[in-house]
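Open the model in your viewer and colour it by secondary structure. The stops below say what to select next and what is there.

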Amino acid sequence: MRRILFKSKIHRATVTQADLDYEGSVTIDRNLLQAADILPFEKVAVWNVTRGTRLETYALEGEAGSGVICINGAAAHLNQPGDLVILATFAEVEEAELANWKPTVVFVDGKNRAVPGLTEEIPGPARRIA
């Protein structure tokens, strides 16, 4: 049996741009893609913390170090600059891999730069964000 598990996420990134006229997808700073182990064209869930919307699209590579999180196409109706979003991916995992499975979590600052040393996701009320 294979299970679908959480693979990686960029947590609480700030949307920098929303481009309604683009065909679709989310453009993400190359540094964040690499840190979160997300490939260009990989399926990505976009969960908008600000608005409560959820959608699925695919990732496109943005300029490294730019901090870009640009929501493209129709999804721009649901995400606007300044919104906080979680960008998540999932993977099919074989039973033999389950015991050692560990997702990649990338926390970012207000400029969409990875916060060094902060990689552990702590469930629920135990989380204390500085």
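Start with the sheet. Its 8 strands form an open sheet in the order E2-E6-E3-E5-E4-E7-E1-E8, with mixed pairing. Strands (E, at least two residues) and helices (H or I, at least four residues) are DSSP runs, numbered from the N terminus; two strands pair if DSSP finds at least two bridges between them. Now pick the edges: strand E2 (17-19) and strand E8 (104-107) each have a single partner strand, so one side of each lacks a neighbour in the sheet. On average, neighbouring strands here are turned by 30° against each other, direction ignored. The axes behind that angle are lines fitted to C-alpha atoms, for helices over the stretch in contact, and angles run from 0 to 180 degrees between N-to-C directions.

A word on the source. This is a predicted model: local features need pLDDT of at least 70, side-chain atom pairs count only at pLDDT 80 or more, and totals for chains, interfaces and linings use all residues. Residues are numbered from 1 along each chain as its sequence is written, and side-chain values use heavy atoms, with hydrogens and water left out.

Select E1 (residues 2-14) with E8. The two run parallel, joined by 4 bridges. Ser8 stands opposite Thr104 in E8.

Next, select E3 (residues 25-29) and E5 (residues 54-62). They pair in the parallel sense over 4 bridges. Asp29 has Gly62 in E5 as its bridge partner.

Ala45 is bridged to Glu56 in E5. In the hairpin of E4 and E5, 5 residues lie between the strands, and Gly52 there takes a positive phi near 80°.

Now centre on Ser25, in strand E3. UniProt lists Ser25 under "modified residue: Pyruvic acid (Ser)", in an unreviewed entry; such annotations may be inferred rather than shown by experiment. Is Ser25 buried or exposed? Ser25 is buried, with a relative accessible area of 2%. Buried means under 20% relative accessible area, exposed over 50%, partly exposed in between (1.4 Å probe, protein chains only). Leaving aside neighbours within four places in sequence, Ser25 is in contact (heavy atoms within 4.5 Å) with Thr57, Tyr58, Leu60, Cys70, Ile71 and Asn72.

Finally, zoom out. The chain has 1 helix and 8 strands, running β-β-β-α-β-β-β-β-β from the N terminus. The C-alpha trace spans about 45 × 35 × 30 Å along its principal axes. Buried residues make up 41% of the 130 residues.
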